[in-house]
Structure formats: C-alpha cells, structure tokens
Amino acid sequence: MSILDWGVLVFTLVGIITYGIVRSRGSRSMNDYLLAGHSLPWYHVGLSVMATQASAITFLSAPGQGFTDGMRFVQFYFGLPLAMVVLSVTFVPIFHRLKIFTAYEFLESRFDTRVRTLTAGLFLLQRGLSTGLSIYAPSIILSTILGWNIYLTNLIMGGIVLAYTVTGGTKAISYTHLQQMAIVTFAMALAGYLTVKLLPDGIGFVDALHVAGKAGRMNLIDLKFDPNSRYNIWSGLIGGFFLQLSYFGTDQSQVGRYLTGETIGQSRLGLLMNGLLKVPMQFLILLVGVLVFVFYQFNPSPIFFNKQETDRLKQSAYARDYQLAEIKHQNLTVQRQRAVLDMQAALQTDDQAGQEAAGTRIRETDEALKGVKTNVTKLIKKANPAADTNDVNYVFLRFVLDYLPHGLIGLLIAVIFVASMGSIASAYNSLASSTVVDVYKRLIRPDGDDAFYVQASRWVTIGWGIFCIIVAQFANQFGSMIEAVNILGSLFYGVILGVFVVAFYVKSIDGKATFWGAIIAEILVILSWYFDLTAFLWLNAIGCLLVVGIAWILQRIWGR
C-alpha cells in the first residue's frame, strides 16, 4: 500500500470513531447506554440494522463466494423481506410495549427464569463465537498487507472496536453505522465499475455477464427442491426465513438496534427498509465477485490467492512441485483465454453452436484449473500443516491490491475495516447487555442503581471482547467465513426462535415443557449437523419446529 492508501485508511477510521464518540456523549443511564434513549429515527434504525449484519465477512468472503460459486448464494436472503414483515407485525410492538432492554426479558414474564436464562445462554454462546469470526476476517487484511502475525492483528482489531464500544455504548455504535454504510455503498459500487473498466477493449458489462453465464457463474435461481443443496430457492425462502426471523427477532445484537427507535412505527420502518435493501445489496456484492472472475478469464490469475502461503511454499522442500504446477496453470490459463475470446466472437455474431462449444471449453479448463489448485493446496498443507488452505476470503483482497488504483485501495481496505467495526461493536454491546440484564442483574446483583449497571456493562464488554479475541485466534480453521458464520448461527437460531414462537403463539405450553423441549431440540440439531443429515439452512426450520413439537408433546404428558 502507498502513503496515499494509508492516509485514506487512517483518515476514514479515525473520522468515524471520533464522530461516533462525540455524538454519544452524555450516555449515563442504562437506557442511554444500551438503547440510545429510544431516540433514533427510522432511517437511522434501518442503516444500523444493515451495518450490524454487514460485517467484514460480507465484503471479504462474499465476493470470493461469487468468484468460486457464482450468484446462487443470494438465494440465502430470499426469506429476509417476509421475516421483516412478520417481525414488524408481532415482535416489535410487544418488545416496545414491555419497555425491555433485551429480548429475553419477555421470556421470563411468559415462562420462568430458567427459560429466559437458557435462551440468553444459547444466544451468548453463539454470538460470542460468531464475533470471534468477525474479528478474524479483517485481521486477514493486515496480516496479508503487512505480513503481521495473525494473532497480533486479531488483538489489534478486536481492541480498537472495544475502545469506542466501552466509551460510547449503543449511541456511539449507531452514529458510526451511518458513516459506515455510506462509505461501504460508494466504495463497492466504485470497485464494480472499475473491474468492468479493467476488462479488455470491446468487453463491456453485458459481455462480462454473458461470459460469466457460460462459465456457470450466473446461477441465480435454483428451483430444484433438494434438502442436501445448500443454496436453492426453497432453502432460501424456508430455511432463510427461519434464520432471518430468529436473527432479527431474537438475537440481541439486532433487537438492540431496532429498540433504539423513537416509536414502534420508526422501528418498523427501519426493519422494512432493511428488508427492501439487503437483497439488492448482497446481489451487488456477489456480482462484484463474479466480475472479478470474468476479469481473470482475460488475465493471469494466481493459483492460490493467499500470497503468504504460496511464498512459504516457494521456500519449502516442495518448491519444485509448485513450479511445475505454475507452468501447468499458465498453459491452462492461455487455453481459457482463447476459449473466452472465441465465446466473445460467437456472442457478437449470434453463433449459438460457437457459444456452446466455447462454453464447454471454458468449463473444462475451469475444472482443470481447479484440479491444479487442489494439488497446490495439498502441497501447502504438506509444507505447513497449520496453513489456511481455504483462500475464498483472499480472492477480492488480492484483486484489490494487485489491480486497483492507489487511494481506492486504501478506501476499500477502510470499507472492510468499518464494516467489521460495525458488526463487532454491535455484538460487544449485545453480549454485555444480555449478560448484565439477563444474568447479572437478574440472578446475582438485583439491587444496584443505573450508574452501577452502566459501569458493570463496561467491564462486561471488556470481558466479552477478550473472549471474542481468543476465539478469533482459532478462526482460520473454519474455511469460508461467510459460510462458517451462517452455519454457526443455524446451530442455535432455530432453537431460540422456537422458544419465542411458543411464547408468542402457543399459550397452552408452559415453561417446564419449553425448557426441556429447547434442550432436546438443540441436541438433535447439533447431531443433525454433525452427521451431515441436511444442508445447514434447513437446521433453522428444523430447530424451530422441534422445539414447538417436543414442548407440545411434553406438555401433553406432564399436564400443567
């Protein structure tokens, strides 16, 4: 990175953090510190909700997902708009009317303390682990750019966010989210535009989409019903609906965002704004990854995008094997470029037979290139058993550093940082609020005043920050970050949602049946994932239905 890039990066980060802290001065009560005094307008709520979900994983791993697997991941979000409608009608008015700090307070009034504590505990475990992954994602950047030790960069990244979260609370987080989303939207749109501009003369945006389609990357909709397929329209609409309903309806990192709304109407509008904008936003981010894929059809691409690992391999006993793999990769790249040019010529003359023949050659060379990469991955693992052999998270970063102009590099690196800061800060805040309100205040120290609990919240935030940084040290074992964080959520969200569904809609089931129903359902969900019985998105629907069904059966057995 150049001095200009570092200047843009530092100016962006310092400006956002300073603005958030200055605007949040005066947060002295629990209501101010944890819920921003219920003072934020709908657009503020909507952008804060979006920024909380759009972590660095979104802007690092999602383009890589589009590069390697095409557009089908966008189906994951198809259940989101419907989930926002359900939340606006049911969850939001109840949470506002009860004037609660966390979603789990409602469960005690409906059931009992143990159901509230169990559900809060499941949330804390899941969110603490997921936040560790969110810290690791931007740490990849510093370690790649500067060659820093990944463990040190995890500590730096987690510590920076912890500083302003402890200082300003929810209001600081919400104000920084506004700037984050503006910068993110501008920078990603500019990155997509410049990627198209870097294509050879005569190859425009539409041509790029044709090439991507013939290479199998424009696989936007899959109508086939297959429980073992991770991404199709049915897993997105059904499994995705349950996941999004649970995430936005029962995860305190999101509930805490829309409870900051000034009124019920403002919170509802914020959620509906998220439902309308999130799918197009994710579509565009994946499309950037697809455009990067097309760019590399006309230009040499690395065998493995994590440069640190290939540099180590060149210095190992397997350097000769890697050199031979590079030669084979270069030859296949030339063949692929010829096939892509033939495809372009066939498209211009509307030669259907030529298009099919060129498309077949593109797919064949693509498969051969994947085989070369698989062999190199094995060599990397032999040379360094602890190596990170999944380079999906490095694709977009490597492209940015190698091909985009200075200044924009700094801005895109800043985008990944600020996106990470938004989601991590919200997670820290939600972990602290649930720990203090649902555990400490309820079970350990119920007689403190507001000042005492605000101070306790700051200390608990620090404790969770340390825990999440420790988790981040092991995150390189999880593969694709965007898949890993959603798999982790799917292990818990369905069960948590099931508890709330019983609470809202099945009044005949009491706390004892719900408590044991949730425990049994969680065990079954984990076993289903461990034995790979179904694609992970379905675990959200399965977990929810298991809680309702098991609790209903137990209630019939035990009676009231």
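No disulfides were found in a search of the whole structure, which is a predicted model.

Nonpolar side chains tend to be buried together in soluble globular proteins. In the present model, the largest nonpolar core comprises 150 residues. Phe-59, Phe-95, Phe-106, Leu-107 and Phe-500 have the most contacts inside this core.

Gln-297 lies in helix α13, which spans residues 264-298. Because its relative accessibility is 1%, below the 20% cut-off, Gln-297 is classed as buried. Its side chain reaches the backbone oxygen of Phe-293 at 3.0 Å. When residues up to four places away in sequence are not counted, Gln-297 touches Val-211, Arg-336, Gln-337, Val-340 and Ile-362.

Tyr-493 belongs to helix α20, formed by residues 481-505. With a relative accessibility of 4%, Tyr-493 also counts as buried. A polar contact of 3.3 Å joins the side chain of Tyr-493 to that of Gln-126. Apart from neighbours within four places in sequence, the residues in contact with Tyr-493 are Gln-126, Arg-127, Leu-243, Ser-246, Tyr-247, Asp-251 and Asn-540. Between Tyr-493 and Ala-346, the C-alpha to C-alpha distance is 48 Å, with a separation of 147 residues in sequence.

Note on methods. Residues are numbered from 1 along each chain as its sequence is written. This is a predicted model: local features need pLDDT of at least 70, side-chain atom pairs count only at pLDDT 80 or more; totals for chains, interfaces and linings use all residues. Side-chain values use heavy atoms; hydrogens and water are left out. Helices (H or I, at least four residues) and strands (E, at least two) are DSSP runs, numbered from the N terminus. Buried means under 20% relative accessible area, exposed over 50%, partly exposed in between (1.4 Å probe, protein chains only). A polar contact is a pair of N or O atoms within 3.5 Å; within protein, one must be able to donate a hydrogen and the other to accept it, and residues adjacent in sequence count only if both atoms are side-chain atoms. Contact means heavy atoms within 4.5 Å. A disulfide is a pair of cysteine sulfur atoms within 2.5 Å. A nonpolar core is a set of buried Ala, Val, Leu, Ile, Met, Phe, Trp, Tyr and Cys residues joined through side-chain atoms within 4.5 Å.
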